[in-house]
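Hi,

Here is the structure I said I would pass on.

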Amino acid sequence: MCQLLGMNCASPTDFNFSFKGFKCRGGDTDVHAHGWGLAIYEGRGVRTFHDPLPCAASPIADMVSCYPIKTLNMMAHIRYATQGAVSLENVHPFTREMWGIQWTFAHNGEVPKFTLPKNPQEENNSTNFCGGETTDIPLLGKCVTAVYHPVGDTDSEAVFCAMLNALRAEFTTLPTLPVLYEAIQRLCTEIVRGHEEKTIFNFLLGCGQFTMFAFSWPGSRDGSKVWNGLHYLVRWPPFSKAVLADVDYAVDFSETNKANDRVAIIATKPLTTNENWKEFKKGELLMFDNGLPYSRPYELCMVEKCGRGLSSRAIPRGEICPIKFSYNIPKLLRETVCQALGHEEGDQQVWAERAVDLGCGSGQSGAQFRQCVKHLTGVDLSPEMAEEARERSCYDRIIVGDAECALHENNQHGQEGRTWYDFVFACDLFPYVGDLRPIFQTVRKGLEGKGGTLAFSVELLDEALNELREEDEADPGFVMQSCARFAHKRWYISQLFTEFGFHELLRKESTVLRQHCGKDVLGALVVLELPPS
(Lines give C-alpha, C1' and ligand atoms only; values in the text may rest on other atoms or scores of the structure.)
Protein backbone atom coordinates (compact mmCIF):
# COMPACT_ATOMS: atom_id res chain seq x y z
CA MET A 1 0.00 0.00 0.00
CA CYS A 2 0.95 3.66 0.07
CA GLN A 3 3.20 5.43 2.55
CA LEU A 4 2.76 8.73 4.37
CA LEU A 5 5.09 11.44 5.66
CA GLY A 6 4.01 14.38 7.78
CA MET A 7 5.88 17.12 9.59
CA ASN A 8 4.61 19.69 12.10
CA CYS A 9 6.98 22.27 13.54
CA ALA A 10 7.34 24.90 16.27
CA SER A 11 9.30 27.18 13.95
CA PRO A 12 9.63 27.24 10.13
CA THR A 13 11.68 24.19 9.16
CA ASP A 14 12.71 22.58 5.88
CA PHE A 15 11.83 18.94 5.25
CA ASN A 16 14.81 18.03 3.04
CA PHE A 17 16.30 15.43 5.40
CA SER A 18 13.13 13.39 5.89
CA PHE A 19 12.03 13.71 2.27
CA LYS A 20 15.46 12.56 1.06
CA GLY A 21 14.90 9.17 2.67
CA PHE A 22 11.16 9.05 2.04
CA LYS A 23 11.41 9.52 -1.73
CA CYS A 24 13.70 6.48 -2.02
CA ARG A 25 10.74 4.32 -1.02
CA GLY A 26 8.93 5.48 -4.13
CA GLY A 27 10.29 2.81 -6.45
CA ASP A 28 13.87 2.35 -5.20
CA THR A 29 14.04 0.82 -1.72
CA ASP A 30 10.33 -0.05 -1.79
CA VAL A 31 7.54 -0.72 -4.30
CA HIS A 32 5.51 2.50 -4.06
CA ALA A 33 6.11 3.54 -7.67
CA HIS A 34 2.66 4.78 -8.78
CA GLY A 35 3.09 8.48 -8.20
CA TRP A 36 3.82 10.88 -5.36
CA GLY A 37 2.64 14.19 -4.00
CA LEU A 38 3.52 16.90 -1.52
CA ALA A 39 1.53 19.65 0.22
CA ILE A 40 3.35 22.46 2.05
CA TYR A 41 1.53 25.12 4.05
CA GLU A 42 2.85 28.65 3.73
CA GLY A 43 0.72 31.10 5.70
CA ARG A 44 -2.88 30.74 4.51
CA GLY A 45 -1.73 29.17 1.25
CA VAL A 46 -0.63 25.69 0.40
CA ARG A 47 2.00 24.80 -2.20
CA THR A 48 1.48 21.40 -3.85
CA PHE A 49 3.53 19.13 -6.11
CA HIS A 50 2.04 16.05 -7.81
CA ASP A 51 3.61 13.59 -10.24
CA PRO A 52 2.37 10.17 -11.48
CA LEU A 53 6.00 9.10 -11.97
CA PRO A 54 7.79 7.08 -9.26
CA CYS A 55 9.11 9.45 -6.63
CA ALA A 56 12.59 7.91 -6.74
CA ALA A 57 12.82 8.66 -10.47
CA SER A 58 10.95 11.99 -10.58
CA PRO A 59 12.89 15.13 -11.62
CA ILE A 60 10.33 17.17 -9.67
CA ALA A 61 11.05 15.14 -6.53
CA ASP A 62 14.79 15.66 -7.05
CA MET A 63 14.21 19.40 -7.30
CA VAL A 64 11.99 19.53 -4.20
CA SER A 65 14.42 17.46 -2.12
CA CYS A 66 17.10 20.11 -2.71
CA TYR A 67 14.79 23.13 -2.42
CA PRO A 68 14.89 24.46 1.18
CA ILE A 69 11.22 25.38 1.56
CA LYS A 70 10.49 26.12 5.22
CA THR A 71 7.10 25.40 6.72
CA LEU A 72 5.23 24.73 9.96
CA ASN A 73 3.07 22.00 8.44
CA MET A 74 3.50 19.62 5.50
CA MET A 75 2.60 16.16 4.24
CA ALA A 76 3.83 13.85 1.50
CA HIS A 77 2.57 10.61 -0.05
CA ILE A 78 4.03 7.89 -2.25
CA ARG A 79 1.50 5.65 -3.95
CA TYR A 80 1.10 1.94 -4.48
CA ALA A 81 -2.17 1.74 -6.41
CA THR A 82 -4.86 -0.56 -5.00
CA GLN A 83 -7.83 1.64 -5.96
CA GLY A 84 -7.92 3.69 -9.18
CA ALA A 85 -5.59 3.93 -12.16
CA VAL A 86 -2.02 5.22 -12.09
CA SER A 87 -2.81 8.79 -13.10
CA LEU A 88 -2.36 12.33 -11.89
CA GLU A 89 -5.92 12.72 -10.56
CA ASN A 90 -5.35 9.80 -8.16
CA VAL A 91 -2.15 11.16 -6.63
CA HIS A 92 -2.32 12.29 -3.00
CA PRO A 93 -2.40 14.65 -1.10
CA PHE A 94 -5.87 15.87 -2.08
CA THR A 95 -6.84 19.46 -1.37
CA ARG A 96 -10.14 21.30 -0.89
CA GLU A 97 -11.15 24.71 0.42
CA MET A 98 -13.68 24.75 3.29
CA TRP A 99 -14.55 27.70 5.57
CA GLY A 100 -11.84 29.73 3.86
CA ILE A 101 -9.20 27.19 4.92
CA GLN A 102 -7.08 24.93 2.71
CA TRP A 103 -7.61 21.32 3.80
CA THR A 104 -5.21 18.59 2.71
CA PHE A 105 -5.50 14.81 3.03
CA ALA A 106 -3.27 11.80 2.41
CA HIS A 107 -4.26 8.21 3.16
CA ASN A 108 -2.72 4.78 3.42
CA GLY A 109 -4.91 1.69 3.45
CA GLU A 110 -8.18 0.39 2.09
CA VAL A 111 -11.65 1.42 3.28
CA PRO A 112 -14.38 -1.08 2.30
CA LYS A 113 -17.16 1.39 3.01
CA PHE A 114 -15.73 3.62 0.27
CA THR A 115 -14.27 1.06 -2.11
CA LEU A 116 -14.93 1.96 -5.73
CA PRO A 117 -15.71 -0.69 -8.37
CA LYS A 118 -12.46 -2.18 -9.62
CA ASN A 119 -13.37 -2.64 -13.31
CA PRO A 120 -15.76 -1.27 -15.96
CA GLN A 121 -17.98 -4.39 -15.79
CA GLU A 122 -18.63 -3.73 -12.08
CA GLU A 123 -19.37 -0.08 -12.86
CA ASN A 124 -22.17 -1.15 -15.20
CA ASN A 125 -23.78 -3.30 -12.51
CA SER A 126 -26.35 -1.95 -10.08
CA THR A 127 -24.15 -2.58 -7.05
CA ASN A 128 -21.89 0.22 -5.95
CA PHE A 129 -20.28 1.59 -2.84
CA CYS A 130 -23.28 3.49 -1.48
CA GLY A 131 -26.33 1.76 -2.91
CA GLY A 132 -27.27 4.52 -5.36
CA GLU A 133 -25.70 6.00 -8.48
CA THR A 134 -22.08 5.06 -9.02
CA THR A 135 -21.13 8.74 -8.76
CA ASP A 136 -22.40 8.88 -5.19
CA ILE A 137 -20.23 8.62 -2.11
CA PRO A 138 -21.45 7.48 1.32
CA LEU A 139 -22.75 10.28 3.52
CA LEU A 140 -21.36 10.53 7.03
CA GLY A 141 -22.59 12.21 10.17
CA LYS A 142 -25.36 14.75 9.67
CA CYS A 143 -24.72 15.24 5.95
CA VAL A 144 -27.75 14.80 3.64
CA THR A 145 -26.37 16.44 0.50
CA ALA A 146 -22.79 16.17 -0.76
CA VAL A 147 -20.97 19.37 -1.69
CA TYR A 148 -17.53 17.86 -2.21
CA HIS A 149 -17.03 15.09 -4.76
CA PRO A 150 -13.96 13.06 -5.74
CA VAL A 151 -12.22 13.89 -9.00
CA GLY A 152 -10.31 10.62 -9.25
CA ASP A 153 -11.15 6.99 -8.60
CA THR A 154 -9.67 6.29 -5.17
CA ASP A 155 -11.42 5.37 -1.95
CA SER A 156 -9.01 7.80 -0.28
CA GLU A 157 -10.37 10.87 -2.04
CA ALA A 158 -13.93 9.65 -1.51
CA VAL A 159 -13.28 9.38 2.25
CA PHE A 160 -11.78 12.88 2.29
CA CYS A 161 -14.79 14.38 0.52
CA ALA A 162 -17.21 12.53 2.81
CA MET A 163 -15.43 13.80 5.91
CA LEU A 164 -15.51 17.39 4.68
CA ASN A 165 -19.17 17.06 3.74
CA ALA A 166 -19.95 15.81 7.26
CA LEU A 167 -17.99 18.60 8.97
CA ARG A 168 -19.59 21.24 6.76
CA ALA A 169 -23.06 19.88 7.59
CA GLU A 170 -22.41 19.79 11.33
CA PHE A 171 -20.94 23.24 11.95
CA THR A 172 -22.31 26.71 11.22
CA THR A 173 -19.50 28.35 13.18
CA LEU A 174 -15.79 27.56 13.01
CA PRO A 175 -15.24 24.67 15.44
CA THR A 176 -12.68 25.00 18.18
CA LEU A 177 -9.92 22.39 18.30
CA PRO A 178 -11.44 20.16 21.01
CA VAL A 179 -14.80 20.23 19.22
CA LEU A 180 -13.16 19.47 15.86
CA TYR A 181 -11.13 16.65 17.42
CA GLU A 182 -14.28 14.99 18.77
CA ALA A 183 -16.07 15.38 15.43
CA ILE A 184 -13.19 13.77 13.51
CA GLN A 185 -13.00 10.96 16.06
CA ARG A 186 -16.71 10.25 15.55
CA LEU A 187 -16.27 10.19 11.79
CA CYS A 188 -13.35 7.77 12.06
CA THR A 189 -15.45 5.44 14.19
CA GLU A 190 -18.30 5.63 11.67
CA ILE A 191 -15.99 4.93 8.73
CA VAL A 192 -14.53 1.82 10.36
CA ARG A 193 -17.76 0.51 11.91
CA GLY A 194 -19.04 -2.72 10.36
CA HIS A 195 -15.73 -3.39 8.55
CA GLU A 196 -13.31 -3.47 11.48
CA GLU A 197 -11.39 -6.52 10.25
CA LYS A 198 -11.03 -5.47 6.61
CA THR A 199 -10.43 -1.75 7.08
CA ILE A 200 -6.94 -0.25 6.99
CA PHE A 201 -7.32 3.48 7.60
CA ASN A 202 -4.27 5.64 8.26
CA PHE A 203 -4.42 9.31 7.30
CA LEU A 204 -2.96 12.78 7.67
CA LEU A 205 -5.41 15.70 7.61
CA GLY A 206 -4.06 19.24 7.39
CA CYS A 207 -6.34 22.15 8.22
CA GLY A 208 -4.28 25.31 7.99
CA GLN A 209 -0.72 26.36 8.65
CA PHE A 210 -0.59 25.18 12.29
CA THR A 211 -2.70 22.06 12.63
CA MET A 212 -2.46 18.46 11.47
CA PHE A 213 -4.56 15.46 12.55
CA ALA A 214 -3.26 11.90 12.22
CA PHE A 215 -5.31 8.73 12.69
CA SER A 216 -4.37 5.07 12.55
CA TRP A 217 -6.45 1.95 12.08
CA PRO A 218 -3.59 -0.37 11.07
CA GLY A 219 -3.60 -3.78 9.44
CA SER A 220 -2.41 -6.00 6.59
CA ARG A 221 -4.18 -6.85 3.35
CA ASP A 222 -5.29 -10.43 2.78
CA GLY A 223 -2.31 -12.54 1.78
CA SER A 224 0.22 -9.84 2.73
CA LYS A 225 2.64 -9.73 5.65
CA VAL A 226 3.22 -5.98 5.26
CA TRP A 227 1.91 -4.07 8.28
CA ASN A 228 0.37 -0.69 7.51
CA GLY A 229 0.31 1.63 10.48
CA LEU A 230 1.66 5.00 11.59
CA HIS A 231 4.66 6.04 13.69
CA TYR A 232 5.86 9.38 15.01
CA LEU A 233 8.68 11.01 16.91
CA VAL A 234 9.47 14.51 18.18
CA ARG A 235 12.92 16.05 17.72
CA TRP A 236 13.81 18.83 20.15
CA PRO A 237 16.73 19.98 22.30
CA PRO A 238 19.12 18.50 23.04
CA PHE A 239 19.35 17.52 19.37
CA SER A 240 21.50 14.64 18.18
CA LYS A 241 22.52 12.81 15.03
CA ALA A 242 19.85 11.09 12.92
CA VAL A 243 20.65 8.34 10.39
CA LEU A 244 18.28 7.63 7.49
CA ALA A 245 17.16 4.05 6.91
CA ASP A 246 16.78 4.17 3.10
CA VAL A 247 19.93 6.00 2.03
CA ASP A 248 23.44 6.40 3.40
CA TYR A 249 22.92 9.85 4.89
CA ALA A 250 22.94 11.39 8.36
CA VAL A 251 22.60 14.85 9.90
CA ASP A 252 23.70 16.04 13.32
CA PHE A 253 20.81 18.34 14.22
CA SER A 254 22.74 19.76 17.19
CA GLU A 255 24.82 21.60 14.59
CA THR A 256 21.90 22.88 12.49
CA ASN A 257 18.93 23.48 14.82
CA LYS A 258 18.30 26.20 17.37
CA ALA A 259 17.07 26.05 20.95
CA ASN A 260 13.50 26.99 20.00
CA ASP A 261 13.19 24.37 17.24
CA ARG A 262 10.91 21.38 17.68
CA VAL A 263 9.69 19.04 14.94
CA ALA A 264 7.17 16.20 15.00
CA ILE A 265 7.59 13.68 12.17
CA ILE A 266 4.86 11.18 11.26
CA ALA A 267 5.59 8.28 8.90
CA THR A 268 4.13 4.93 7.88
CA LYS A 269 7.42 3.28 8.79
CA PRO A 270 10.29 4.85 10.78
CA LEU A 271 12.57 6.87 8.53
CA THR A 272 15.65 6.66 10.73
CA THR A 273 17.51 3.78 12.36
CA ASN A 274 18.78 5.37 15.58
CA GLU A 275 15.75 7.25 16.96
CA ASN A 276 12.88 6.11 19.15
CA TRP A 277 9.75 6.11 16.99
CA LYS A 278 6.41 5.53 18.65
CA GLU A 279 3.67 3.53 16.92
CA PHE A 280 0.09 4.81 17.00
CA LYS A 281 -2.37 2.66 18.91
CA LYS A 282 -5.24 1.16 16.94
CA GLY A 283 -7.98 3.77 16.72
CA GLU A 284 -5.75 6.57 18.03
CA LEU A 285 -6.29 10.11 16.78
CA LEU A 286 -3.61 12.72 17.50
CA MET A 287 -3.60 16.42 16.73
CA PHE A 288 -0.18 17.94 16.07
CA ASP A 289 0.52 21.61 16.73
CA ASN A 290 3.73 23.47 17.47
CA GLY A 291 5.67 20.25 16.98
CA LEU A 292 3.80 18.34 19.71
CA PRO A 293 1.05 15.67 19.75
CA TYR A 294 -2.22 16.24 21.62
CA SER A 295 -5.25 14.04 22.28
CA ARG A 296 -6.83 15.17 25.54
CA PRO A 297 -9.62 17.77 25.30
CA TYR A 298 -8.09 20.07 27.92
CA GLU A 299 -4.78 20.07 26.00
CA LEU A 300 -6.57 20.98 22.77
CA CYS A 301 -8.41 23.70 24.68
CA MET A 302 -5.09 25.18 25.84
CA VAL A 303 -3.78 25.21 22.26
CA GLU A 304 -6.96 26.98 21.15
CA LYS A 305 -6.60 29.60 23.89
CA CYS A 306 -3.03 30.27 22.72
CA GLY A 307 -4.50 31.50 19.41
CA ARG A 308 -3.43 28.50 17.32
CA GLY A 309 -6.87 27.16 16.43
CA LEU A 310 -8.42 27.30 12.98
CA SER A 311 -8.33 30.73 11.36
CA SER A 312 -10.94 31.87 8.86
CA ARG A 313 -12.28 35.08 7.37
CA ALA A 314 -15.32 33.31 5.96
CA ILE A 315 -17.12 31.89 9.02
CA PRO A 316 -17.54 33.14 12.62
CA ARG A 317 -15.57 31.39 15.33
CA GLY A 318 -17.29 29.10 17.83
CA GLU A 319 -16.81 29.44 21.58
CA ILE A 320 -15.09 27.02 23.92
CA CYS A 321 -17.46 25.50 26.44
CA PRO A 322 -15.90 26.41 29.82
CA ILE A 323 -17.27 23.23 31.46
CA LYS A 324 -17.16 20.58 28.77
CA PHE A 325 -13.47 20.98 27.97
CA SER A 326 -12.16 21.80 31.40
CA TYR A 327 -9.83 19.20 32.91
CA ASN A 328 -11.21 18.54 36.36
CA ILE A 329 -9.70 15.17 37.27
CA PRO A 330 -6.68 16.59 39.22
CA LYS A 331 -8.93 18.91 41.22
CA LEU A 332 -11.53 16.21 41.84
CA LEU A 333 -8.87 13.71 42.88
CA ARG A 334 -7.24 16.21 45.27
CA GLU A 335 -10.62 16.91 46.87
CA THR A 336 -11.23 13.16 47.23
CA VAL A 337 -7.82 12.59 48.82
CA CYS A 338 -8.33 15.45 51.28
CA GLN A 339 -11.70 14.02 52.25
CA ALA A 340 -10.29 10.52 52.68
CA LEU A 341 -7.38 11.70 54.86
CA GLY A 342 -9.45 14.15 56.88
CA HIS A 343 -7.84 17.36 55.61
CA GLU A 344 -9.68 20.58 54.90
CA GLU A 345 -9.89 21.39 51.19
CA GLY A 346 -7.88 24.52 50.42
CA ASP A 347 -5.65 24.54 53.49
CA GLN A 348 -1.90 24.92 53.13
CA GLN A 349 -0.98 21.91 55.25
CA VAL A 350 1.79 19.65 53.99
CA TRP A 351 0.75 16.05 54.67
CA ALA A 352 3.16 14.06 52.46
CA GLU A 353 6.95 13.93 52.59
CA ARG A 354 7.64 12.44 49.15
CA ALA A 355 5.06 12.04 46.38
CA VAL A 356 5.17 10.81 42.79
CA ASP A 357 2.77 11.76 39.99
CA LEU A 358 2.47 8.76 37.64
CA GLY A 359 1.67 9.81 34.06
CA CYS A 360 2.15 13.46 34.95
CA GLY A 361 1.40 14.64 31.40
CA SER A 362 1.75 18.40 31.04
CA GLY A 363 1.83 18.92 34.82
CA GLN A 364 -1.69 20.03 35.69
CA SER A 365 -2.02 17.24 38.23
CA GLY A 366 1.25 18.19 39.88
CA ALA A 367 0.08 21.80 40.20
CA GLN A 368 -2.97 20.63 42.16
CA PHE A 369 -0.97 18.59 44.69
CA ARG A 370 2.17 20.75 44.92
CA GLN A 371 1.21 22.53 48.13
CA CYS A 372 0.43 19.22 49.87
CA VAL A 373 3.89 17.62 49.57
CA LYS A 374 7.48 18.52 50.42
CA HIS A 375 9.11 16.73 47.47
CA LEU A 376 7.24 15.96 44.24
CA THR A 377 8.42 13.73 41.39
CA GLY A 378 6.69 13.61 38.00
CA VAL A 379 7.10 10.66 35.65
CA ASP A 380 5.80 10.25 32.10
CA LEU A 381 6.70 8.07 29.12
CA SER A 382 6.46 11.02 26.72
CA PRO A 383 9.51 13.33 26.55
CA GLU A 384 7.23 16.01 25.10
CA MET A 385 4.82 15.89 28.03
CA ALA A 386 7.71 15.71 30.52
CA GLU A 387 9.17 18.88 29.04
CA GLU A 388 5.84 20.69 29.37
CA ALA A 389 5.60 19.52 32.98
CA ARG A 390 9.11 20.78 33.65
CA GLU A 391 8.13 24.21 32.34
CA ARG A 392 5.40 24.42 35.02
CA SER A 393 8.12 24.40 37.70
CA CYS A 394 5.95 22.48 40.17
CA TYR A 395 8.08 19.31 40.31
CA ASP A 396 11.34 18.75 42.17
CA ARG A 397 12.25 15.97 39.77
CA ILE A 398 11.03 14.95 36.29
CA ILE A 399 11.63 11.45 34.96
CA VAL A 400 11.04 10.25 31.41
CA GLY A 401 10.09 6.60 31.77
CA ASP A 402 7.61 4.22 33.36
CA ALA A 403 6.48 3.87 36.96
CA GLU A 404 9.40 1.57 37.81
CA CYS A 405 11.85 4.37 36.94
CA ALA A 406 10.41 6.52 39.74
CA LEU A 407 11.69 4.04 42.34
CA HIS A 408 15.34 4.64 41.45
CA GLU A 409 17.43 7.67 42.33
CA ASN A 410 21.11 8.48 42.12
CA ASN A 411 22.81 9.69 45.30
CA GLN A 412 25.46 12.43 45.51
CA HIS A 413 28.12 9.92 44.48
CA GLY A 414 26.23 8.88 41.35
CA GLN A 415 25.25 5.52 42.82
CA GLU A 416 21.75 4.27 42.09
CA GLY A 417 19.50 3.37 44.98
CA ARG A 418 15.84 2.66 45.65
CA THR A 419 13.78 5.61 46.84
CA TRP A 420 10.56 5.62 48.84
CA TYR A 421 7.29 7.53 48.75
CA ASP A 422 4.41 8.03 51.13
CA PHE A 423 1.97 9.29 48.48
CA VAL A 424 1.46 8.08 44.89
CA PHE A 425 -1.20 9.47 42.56
CA ALA A 426 -2.27 8.87 38.95
CA CYS A 427 -4.84 11.35 37.67
CA ASP A 428 -5.42 10.03 34.17
CA LEU A 429 -3.00 7.14 33.68
CA PHE A 430 -5.04 3.97 34.18
CA PRO A 431 -7.28 4.53 31.08
CA TYR A 432 -4.09 4.18 29.00
CA VAL A 433 -3.04 0.91 30.67
CA GLY A 434 -4.81 -2.42 30.35
CA ASP A 435 -3.32 -4.74 32.96
CA LEU A 436 -2.76 -2.66 36.11
CA ARG A 437 -0.93 -5.37 38.08
CA PRO A 438 2.61 -4.19 37.17
CA ILE A 439 1.73 -0.65 38.31
CA PHE A 440 0.24 -1.88 41.60
CA GLN A 441 3.30 -4.02 42.19
CA THR A 442 5.60 -1.06 41.56
CA VAL A 443 3.56 1.25 43.79
CA ARG A 444 3.66 -1.29 46.60
CA LYS A 445 7.46 -1.38 46.37
CA GLY A 446 7.56 2.41 46.63
CA LEU A 447 5.23 2.57 49.64
CA GLU A 448 6.21 -0.56 51.58
CA GLY A 449 8.07 -0.16 54.82
CA LYS A 450 6.62 3.15 55.98
CA GLY A 451 3.29 2.66 54.22
CA GLY A 452 1.38 5.37 52.40
CA THR A 453 -1.46 6.40 50.14
CA LEU A 454 -2.34 5.61 46.51
CA ALA A 455 -4.96 7.74 44.71
CA PHE A 456 -6.12 7.36 41.11
CA SER A 457 -8.93 7.79 38.61
CA VAL A 458 -10.24 4.90 36.54
CA GLU A 459 -12.84 4.58 33.78
CA LEU A 460 -15.36 1.84 34.53
CA LEU A 461 -16.94 -0.50 32.04
CA ASP A 462 -20.58 0.16 31.24
CA GLU A 463 -22.93 -1.30 33.85
CA ALA A 464 -24.62 -3.65 31.36
CA LEU A 465 -21.29 -5.35 30.66
CA ASN A 466 -19.51 -4.73 33.91
CA GLU A 467 -20.23 -7.86 35.93
CA LEU A 468 -20.44 -10.46 33.15
CA ARG A 469 -17.58 -12.48 34.54
CA GLU A 470 -19.32 -15.72 35.49
CA GLU A 471 -16.04 -17.23 36.72
CA ASP A 472 -14.51 -16.89 33.28
CA GLU A 473 -10.79 -17.12 33.96
CA ALA A 474 -10.05 -15.80 30.47
CA ASP A 475 -11.74 -12.47 31.28
CA PRO A 476 -8.86 -10.00 31.81
CA GLY A 477 -11.03 -7.48 33.65
CA PHE A 478 -10.61 -4.65 31.17
CA VAL A 479 -11.48 -3.78 27.57
CA MET A 480 -10.13 -1.40 24.94
CA GLN A 481 -12.76 1.19 24.01
CA SER A 482 -13.30 2.66 20.54
CA CYS A 483 -11.50 5.82 21.71
CA ALA A 484 -8.30 3.77 22.31
CA ARG A 485 -8.67 4.06 26.12
CA PHE A 486 -9.18 1.18 28.56
CA ALA A 487 -12.23 0.72 30.78
CA HIS A 488 -11.82 -1.56 33.81
CA LYS A 489 -14.32 -3.75 35.61
CA ARG A 490 -15.18 -3.20 39.27
CA TRP A 491 -14.32 -6.76 40.32
CA TYR A 492 -10.89 -6.39 38.71
CA ILE A 493 -10.11 -3.16 40.58
CA SER A 494 -11.31 -4.63 43.89
CA GLN A 495 -9.27 -7.77 43.28
CA LEU A 496 -6.10 -5.67 42.94
CA PHE A 497 -6.72 -4.02 46.32
CA THR A 498 -6.75 -7.40 48.02
CA GLU A 499 -3.94 -8.94 45.98
CA PHE A 500 -1.44 -6.21 46.87
CA GLY A 501 -2.53 -5.54 50.45
CA PHE A 502 -4.23 -2.16 50.08
CA HIS A 503 -7.15 -0.98 52.20
CA GLU A 504 -9.80 1.19 50.59
CA LEU A 505 -10.25 4.59 52.27
CA LEU A 506 -12.70 6.15 49.84
CA ARG A 507 -14.20 5.43 46.43
CA LYS A 508 -16.37 7.90 44.52
CA GLU A 509 -18.16 6.28 41.60
CA SER A 510 -20.40 7.74 38.88
CA THR A 511 -17.97 10.64 38.55
CA VAL A 512 -17.92 12.35 35.16
CA LEU A 513 -14.26 12.15 34.10
CA ARG A 514 -14.58 13.46 30.54
CA GLN A 515 -16.83 13.45 27.49
CA HIS A 516 -16.64 11.33 24.35
CA CYS A 517 -18.85 11.72 21.29
CA GLY A 518 -21.03 14.14 23.25
CA LYS A 519 -21.66 11.69 26.11
CA ASP A 520 -20.39 11.69 29.69
CA VAL A 521 -17.74 9.08 30.49
CA LEU A 522 -18.21 7.86 34.05
CA GLY A 523 -15.53 6.50 36.30
CA ALA A 524 -14.30 6.33 39.85
CA LEU A 525 -11.93 8.29 42.07
CA VAL A 526 -10.22 5.91 44.49
CA VAL A 527 -8.01 6.46 47.56
CA LEU A 528 -6.19 3.44 49.05
CA GLU A 529 -3.90 2.95 52.03
CA LEU A 530 -0.99 0.54 52.35
CA PRO A 531 -0.28 -0.09 56.04
CA PRO A 532 3.32 0.05 57.31
CA SER A 533 5.06 -3.32 57.19
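A word on labels before the details: helices (H or I, at least four residues) and strands (E, at least two) are DSSP runs, numbered from the N terminus. This is a predicted model, so local features need pLDDT of at least 70 and side-chain atom pairs count only at pLDDT 80 or more, while totals for chains, interfaces and linings use all residues. Residues are numbered from 1 along each chain as its sequence is written, and side-chain values use heavy atoms, with hydrogens and water left out.

Most peptide bonds are trans, and most residues other than glycine have a negative phi. His92 and Pro93 are joined by a cis peptide bond, with omega about -5°; Pro93 sits in the loop between strand S4 (70-78) and strand S5 (94-98). Another cis bond runs from Pro237 to Pro238, omega again near -5°, and Pro238 belongs to the loop between strand S9 (231-235) and strand S10 (241-243).

Then there are the positive phi values. Trp99, in the loop between S5 and strand S6 (101-110), has phi near 60°. Trp99 is buried at 10% relative accessible area (buried is under 20%, exposed over 50%, partly exposed in between, using a 1.4 Å probe and protein chains only). Asn290 also has a positive phi, about 60°, and is partly exposed at 21%; look for Asn290 in the loop between strand S14 (284-289) and strand S15 (292-294).

Next, the sheet. Seven strands make an open, antiparallel sheet in the order S3-S2-S4-S1-S12-S9-S13, where pairing takes at least two DSSP bridges between two strands. Its edges are strand S3 (45-51) and strand S13 (278-279), each pairing on one side only. S9 and S13 are joined by 2 bridges, and Tyr232 has Lys278 as its bridge partner in S13.

Lys278 turns up again in the pocket. Together with Lys281, Arg296, Asp428 and Tyr432, Lys278 lies nearest the centre of the largest pocket, which has 44 lining residues. The volume of this pocket is about 990 Å³. For the record, a pocket here is an open set of points on a 1 Å grid over the protein atoms alone, where a 1.4 Å probe fits, with protein on both sides within 12 Å along at least five of seven lines; lining residues have an atom within 4 Å of a point. Grid points are joined across faces, edges and corners, and the volume is the space filled by probe spheres set on the points. Helix H10 (437-447) is among the elements that supply at least two lining residues, and H10 gives the largest share, with 4.

Finally, the aromatics: the structure holds 26 pairs. Rings of Phe, Tyr and Trp (its six-membered ring) pair if their centres lie within 6.5 Å, with planes under 30 degrees apart called stacked, over 60 edge-to-face and the rest tilted. Phe17 and Tyr249 are tilted, at 6.0 Å centre to centre and 35° between the planes. Phe17 is in helix H1 (residues 16-22) and Tyr249 in the loop between S10 and strand S11 (250-252), so this pair ties together parts 232 residues apart in sequence. Phe105 and Phe160 are stacked, at 5.1 Å and 5°, and link strand S6 to helix H4 across 55 residues. Phe105 is buried at 0%, and Phe160 is buried at 0% too.

Cheers
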